[in-house]
Amino acid sequence: MLSQSHAAVLAQSGQYDLGMDLLSRLQRVTTYSERLDILEEAEERFGQLAVRDHALRVADRARELALHCGFDEAYANRLYNATRLHDVGKLFMPMQILEKNGRPTDDEHLIIREHARHGGDLLGPSAPEFVVNIARYHHERYGGGGYNNLVGENIPLEARLVQIADVYDALRSKRAYKPEMPEEQVVDIMLKSHGEGVAFDPYLLRRFVDMRLAADHDRQISPEKAELFSAFVKSHPKDDLRNVSDRSIFDGWEISADGQRRRKVFDETINYDVLVEKRDALGAVKFRLHEQRPTAGRDLEESNTNTAAPSVPRF
């Protein structure tokens, strides 16, 4: 199934033989570490050194953001190693699209979007879910409209971190269709894009902008813009959600100023919102309310032992 899903793309790319050889080699190995060796070698064979360099820069920035948010070194290093592979699906993207001197057409953009799915497939069933999540979901948007149209807390936390780092590097770097952008312009564009539909996790974006301001030692950001960016950092994350026309897409989740997440569900029996889950800024579950069936008489003991967690998004 893997080879069939990618053969059509490869047939259009002029890299058919390389691609089919890669798939054949991947199908002969069983461990994740063996797949990694093959995929890393493939970057050189496919001539995708620019993609590799981009992935390394994004990995550095994602690791930096994780540490700035309060994650420990172990998590930050794990995020770095996984982010290194976030664009591995581009191995099956035709070079004429990757190196195009201009913006892609609508048809070409459809092919580009496929790299997230291809990446998850290439990493294989033995890959850690954490790694596959980043490859598949680093193009999601918090308010919806991403490649897989995941929304809010349904987007894995690790993918939300990498999405910010990925967009930053894509804007900052020189591409065939655009020049390198200065720091101030990049941050400004990210905030404007975010304001047009909640592009990023509101709390994580504030931590990222705070990190960029702290790193601006050579004053690339003007005092006027620095003041505006600082005001954004100090504002409440939930402010970003006020202009969303359909708040129900967030499934009852709210974000506090310190990044904690709370999910409330309306309980018709008491006509009141009930807190069903609480997570800290690092995604750890601090509270989860288990739903129980109504208890009566001899059902009391059974209802206390057979409980089921509500269906809620997973970080």
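The buried residues of helix 8 (residues 129-137) pack against helix 3 (32-45), helix 5 (73-83), helix 7 (106-123) and helix 9 (157-172), where buried means under 20% relative accessible area, exposed over 50% and partly exposed in between (1.4 Å probe, protein chains only). These buried residues are Phe-130, Val-131, Val-132, Asn-133, Ile-134 and Ala-135. This is a predicted model, in which local features need pLDDT of at least 70 and side-chain atom pairs count only at pLDDT 80 or more, while totals for chains, interfaces and linings use all residues. Residues are numbered from 1 along each chain as its sequence is written, and side-chain values use heavy atoms, with hydrogens and water left out.

**Overall make-up**

- The protein has 13 helices and 4 strands, taken as DSSP runs numbered from the N terminus, with helices being H or I of at least four residues and strands E of at least two.
- Of the 315 residues in the protein, 46% are buried.
- Among contacts (heavy atoms within 4.5 Å) with a separation of 6 or more, 57% are between residues 24 or more positions apart.

**Nonpolar cores**

- The largest nonpolar core holds 64 residues, of which Leu-22, Leu-79, Leu-123 and Met-190 touch the most other members; such a core is a set of buried Ala, Val, Leu, Ile, Met, Phe, Trp, Tyr and Cys residues joined through side-chain atoms within 4.5 Å.
- Helix 9 gives the most to this core, with 7 residues.
- A second, separate core has 5 residues, including Ile-97, Ile-112, Ala-116 and Tyr-147.
- Not counting residues up to four places away in sequence, Leu-22 touches Ile-38, Leu-39, Ala-42, Phe-46, Leu-91 and Phe-92.
- In soluble globular proteins, nonpolar side chains tend to be buried together.

**Largest pocket**

- About 1300 Å³ of space lies in the largest pocket; on a 1 Å grid over the protein atoms alone, a pocket is an open set of points where a 1.4 Å probe fits, with protein on both sides within 12 Å along at least five of seven lines, and lining residues have an atom within 4 Å of a point.
- The lining consists of 47 residues, and those closest to the centre of the pocket are Lys-90, His-139, Ala-170, Arg-175 and Tyr-177.
- Helix 4 (49-69), helix 6 (95-98), helix 7, helix 9 and helix 10 (183-195) each supply at least two lining residues, and helix 4 gives the most, with 6 residues.
- By class, the lining has 20 nonpolar, 13 polar and 14 charged residues.

**Ala-55 in helix 4**

- Ala-55 lies in helix 4 and is buried, with a relative accessible area of 2%.
- Leaving aside neighbours within four places in sequence, Ala-55 is in contact with Thr-83, Arg-84 and His-86.
- Ala-55 and His-86 are 31 residues apart in sequence, yet their C-alpha atoms are 6.9 Å apart in space.

**Positive phi in two loops**

- Asn-149, found in the loop between helix 8 and helix 9, has a positive phi of about 55° although it is not a glycine.
- Arg-219 also has a positive phi of about 55° without being a glycine, and its place is in the loop between helix 11 (202-214) and helix 12 (223-234).
- At 70% relative accessibility, Arg-219 counts as exposed.
- Most residues other than glycine have a negative phi.

Technical notes:
Grid points are joined across faces, edges and corners, and a volume is the space filled by probe spheres set on the points. Ala, Val, Leu, Ile, Met, Phe, Trp, Tyr, Cys and Pro count as nonpolar, Asp, Glu, Lys and Arg as charged, and the others, Gly among them, as polar.
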